[in-house]
Amino acid sequence: AAIFVIVITCGTYFYQSEIRKIGQTMSTITVPAGQRVNLALPDGTSVWLNARSKMSYPAAFTDDKREITLDGEAYFEVEKDARHPFVVKADPVEVEVLGTHFNVEAYPGDAEVKTTLLEGSVAVNAPAVSSRITLSPGESAIYNRADKTLQEEKTKENNTATGWRDGHFHFDYLPLQEIARELSNAFHVKIKITDEDIKDFRIRAHFTEGESLDQMLDLLQPAGNFSYSKTNDTILIHSKLN
């Protein structure tokens, strides 16, 4: 059996479904574009889900591992339990922790899956390539879907990975296509880059909550050497070089 619920709290809504299996009930939270959700898991772990994200978890953690699955982006503050590791399955990686604060960005269409550690310790596994990285605070593990590689990098500022919880945008030399994806999710609008040659152009910028999409695009234009136009419900980004 499946149960579908729309929850509305302080203007924020998300979709919750429950699937009852033998001996276990699984819940799935789906967050629409333009929304963010904060919720508590059965063990007391706090989770912030970003726009266009989906997370599935059991109604009660009864196995040796506290296992959840994630498509999209989420920030976790995990309750410590040495006997029951907390595992985030974000295909194609798995993040294993005992109790810590970390962010996972794993949207299915993105070129990379990124795990950033803020506090404690986590192990990031890529089973398909038999690769494993143990992170310390201020470090990230990045899995490249095309190259099938898992690499570690230092994170200059933790808030660049978690600013989205407060409506902030930290683009730390991100490719333009990744910036377009984040803005599309946050403002619930289609953004299309019309020229392949600028999709991987990297831009560094910081925007605070309350700035409009037009304000952001106007400021990003000179840095990315692009222009943009609006057609119906879609924003088109063009290269100025053409």
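Is D218 buried, partly exposed or exposed, and what is its relative accessible area? D218 is partly exposed, with a relative accessible area of 42%; buried stands for under 20%, exposed for over 50% and partly exposed for anything in between, using a 1.4 Å probe and protein chains only. The model here is a predicted one, where local features need pLDDT of at least 70 and side-chain atom pairs count only at pLDDT 80 or more, while totals for chains, interfaces and linings use all residues. Residues are numbered from 1 along each chain as its sequence is written, and side-chain values use heavy atoms, with hydrogens and water left out.

D218 sits in helix α3, which covers residues 213-224. Its side chain makes a polar contact with the side chain of Y228, at 2.8 Å; such a contact is a pair of N or O atoms within 3.5 Å, where within protein one must be able to donate a hydrogen and the other to accept it, and residues adjacent in sequence count only if both atoms are side-chain atoms. D218 and Y228 are ten residues apart in sequence, and their C-alpha atoms are 8.8 Å apart.

Zooming out, the protein has three helices and 20 strands, taken as DSSP runs (H or I, at least four residues, for helices; E, at least two, for strands) and numbered from the N terminus. Of the 242 residues, 46% are buried. The protein exposes about 12,400 Å², and 48% of that comes from carbon and sulfur atoms; the areas are from the Shrake-Rupley method with a 1.4 Å probe, and for residues only the protein chains shown count as cover.

Then there are the pockets. A pocket is an open set of points on a 1 Å grid over the protein atoms alone, where a 1.4 Å probe fits, with protein on both sides within 12 Å along at least five of seven lines; lining residues have an atom within 4 Å of a point. The largest pocket has a volume of about 750 Å³, volume being the space filled by probe spheres set on the points, which are joined across faces, edges and corners. It is lined by 31 residues, with E112, K114, E153, D172 and L174 closest to its centre. Strand β16 gives the largest share of this lining, six residues.

The second largest pocket holds about 290 Å³ of space. Among its 21 lining residues, R36, W164, G167, F169 and A186 lie nearest the centre. Here α2 supplies the largest share of the lining, five residues.
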